[in-house]
Amino acid sequence: MNIVAITACPTGIAHTYMAAEKLEKTAKALGHKIKVETQGAMGIENELTAADIKAADAVLFAVDIEVEKRERFAGKKVVNVPVQQAIKDPAGVLAKLF
Amino acid sequence: MSATFRFSCPLPNGLHARPATHLADTVGRFKATVSLVNERTGRSANARSVLGLVGTDTRRGDPCRIDLAGADEAEAKDALEAYVVTELPKHDAPLVTEPIRVGTVVLPRSLVAAGLKDFVAGQPACVGVAIGAAVIVGRFVVPTDGVVPRRGDVAAEQGAFDDAVRAVRADLERMIGQGKGTEASVLKAHLAVLHDPTLHEAVTAAIAAGETAAIAVARVGGGQRDLLAAADSAYVRERALDVDDVTAQLWAKLAGVETRQTVPALTVPTIVFAEQLTPSQFLALDRNHLRGLVLAHGGQTSHVIILARSFGIPTLTGVSDALAIGRKARTAILDANLGLAVGNPTAPVLQHYERERAKLERMAATARSARTTLAVTADGTRLEVAANIASVEETEAAFAEGAEGIGLFRTELLFARQSKAPSEDEQAALYSAVVRAACGRPVIIRTLDVGGDKPVPFLTFPAEANPFLGYRGVRFYAEQAALIKDQLRAILRAAAMGPVKILVPMIATVEEARLVRRLLAEAEAELRSRNLAPAQPVPLGFMLEVPSTAFILDELCAEADFFSLGTNDLAQYFSAADRENTAVAALNHPLQPAFLRLLQHIVDRVHARGRWIGLCGELGENAAALPLLVGLGLDEISLARPRIAATKHALRFLDRALCRELLLRVAGASTRAEATARLAAAPAKPAPMLVSQLVLDRLEVGSKAEAIRVMVDALHEFGRTTDPVAVETAVWAREDAYSTGFGDGFALPHAKTDALTANSIVVARFARPIEWSSLDGKPVDVAILLAIRASDHGKTHLETLARLSRLAMRDEFRDGLRRETDAAGIVKLLIAATATGT
């Protein structure tokens, strides 16, 4: 499965990246391909392109705040979870996508 | 016959007791009757009466008139006219104007978690934390009834009063002899009250009219006090307590009572609760045991508060039921940082404050040690911190404060008060005294720096339209070669006592530099013929204050052994703006990029030629500019005594390489606004994020609140914040959203706040895992606090934190961290792990 995700937490210095790390690790372990864009204190990193999104089977927002450039995902079904859930139970969160 | 002159009160804090005492002293040298009239308030006073002078309620800028009449009125007028301009302003002392904090205290989370509910709020008058037994001190009221029996007739009563005055004077003089600075000046103010002519005349009149001395003293003293208590100025009202104090002392002598009996003996660490205290009561309290003061009354300018501050005794004032609380409590805690006092604290609150007090004591000890250690930046680079002095008397105090040398000895004062030039012998004795007091530390003596604006009685300078651009400093040395060589020979002779350097002012050209070299050579030759030449050549240096020097540095380096930046005049001449002129002062600001670039050019060039360069202007005292001075790479900064210890201590937290980057960034700005913004945006105390002092191993804490408090305390103790409560609050703001304990015994608390002076990481390993409300429900044994400034725009630290956050998710990283045996190992692991490319 091709997964694209965005992580974003309010202070943007820790949980954004912790969630990204957890999702990447767990997705790979489960045999999926994943690209995670982080929206943190440094701004947008590893930005999801139109091509990434088009090719994605599932879109995940693990966020506590508004996602920037949300227009990219128009027409796509998005699963929303709080950031801490992605950290606490990444496998469970990924399961929600399917 | 009479003389008169007008002046505008120059004292920023008004004519209060200290300058009034000095003025009254000065007037005392003359025989004439001298009155001061405040033309704004209309009040006039006998200028020998301190109380009278203070009672005129004279503030800065008030138009004043001095009227003189008597045999020496002309001499007195001349002296006082000069005195008011040159001397009086020096006796001002800044009055502390702390804003009145209204009622509510915001408790940090750790105190709330410790269960603190019962406390009173007050106005901090001297910061600090104290824990001790609660003891109350009552107010001593001088009785106005016949408690003290009549001694005899008018003569007997007058005699008793005179004896009492003598006895109180003896006490005060003894205590002045034993006391240090502030204590001595408060007591001198009391001496002035004691001798006040208004007081004496009134008491004598009352005794002559039939009252006993005791009643006369009580009544007159009370009357004087009431007069002062009715003044507009809060400052003058505070003086009422001083009158009460002296009245009480006089009365006590007449009654045969010891003042010490009015305060209890202290036997254990104690916090005193009182409505108010007189300075005498305060001084009578055993300072070995006095830890804190809680008062109902006592403003910022009251002598008790001033004394408490000078002894560093935490004090809270404005606590209206101080006495009631003190009576009920057995033990008490005083937190004069937050502004609260607690009677009979519970065990958790006590434990919190014991930790806080221990931390503050460690910080104070470290700051104090700055006096006795050499100034060194965080990376181990030496930066000499020296003192600017203008008289021999200041030498000892400068070294006591931690000066590592005398960076500038201004010699003008030696010449200013004289009717003829001091001889070579007189000067040699003075300079030798300073060098001897320096005990081997370097002393830089500056040759005569006078001119049209700094006149000297025995030298006639041409009348100049603009003395600052005129015949001054080295410019008159050719004409006054004999005078200058006298001074040079005197300095050379002082070199026999220790390391001495000669500094010459106002050098602008190579010709002047060579002239001075020639004069020095001649002086040396003259001494050699008298067998008094110094064993080693004495280094000769030039002040860099005329901007032209910046472009002839190579040539000047050939003539000089060292340089010292006179930044006051350099900035003035460079910007063509007078910093006293509010219309243009902003142009003369140290953060003008051109000025910073000038300094950078000069220091770099001088160092490229292998010469030593220091700084002796006021810029050295500017705390905000210190990182820039470190960044310049100066060999030394020389400043006024009060700032020396604090500056040496501040240097410990600055990293030379980071300061250099900061300087380049700030000097690279185009405008002053941009420079200011860059200075503010960058960390005020550049320092590495990961250091071993911020690794807390085997931490004994019982709760998350305590853990976070202790980690924030580390930031406080090691100079990463001056407002730990604000940082603690910011961490909790994040923690309250949801727990930062993400599982597996790890937590990553974090905060973004400008209460931090540098981005920092604190690592804590707990002796016992603590409850953290973690996502997986398990307790936490390792916490890493990420503390960054909100207004920081640099990406490096954010990347480090992002990397650290990701690493924290990996088992091997967490296991590796747990396996490290000491703080150094943890720091190494973290630096390596978060380096680019991981």
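Student: Before we start, what should I know about the numbering and the cut-offs?
Tutor: Residues are numbered from 1 along each chain as its sequence is written, and chains are lettered from A in the order in which they are written. This is a predicted model, so to speak of local features takes pLDDT of at least 70, side-chain atom pairs count only at pLDDT 80 or more, totals for chains, interfaces and linings use all residues, and side-chain values use heavy atoms, leaving out hydrogens and water.

Student: Thanks! How many residues of chain A are in contact with chain B?
Tutor: 21 residues of chain A are in contact with 21 residues of chain B, where contact means heavy atoms within 4.5 Å.

Student: How many salt bridges cross the interface?
Tutor: The rule finds three, each needing a side-chain nitrogen of Lys or Arg within 4 Å of a carboxyl oxygen of Asp or Glu. One of them joins A:E24 to B:R806, with the closest N and O atoms 3.2 Å apart.

Student: Switching topic: how are B:F409 and B:Y431 arranged?
Tutor: They are edge-to-face, 6.1 Å centre to centre with 90° between the planes. Ring centres of Phe, Tyr and Trp (its six-membered ring) must lie within 6.5 Å; planes under 30 degrees apart count as stacked, over 60 as edge-to-face and the rest as tilted.

Student: Is B:F409 buried or exposed?
Tutor: B:F409 is buried, at 0% relative accessible area; buried means under 20%, exposed over 50%, and partly exposed in between (1.4 Å probe, protein chains only).
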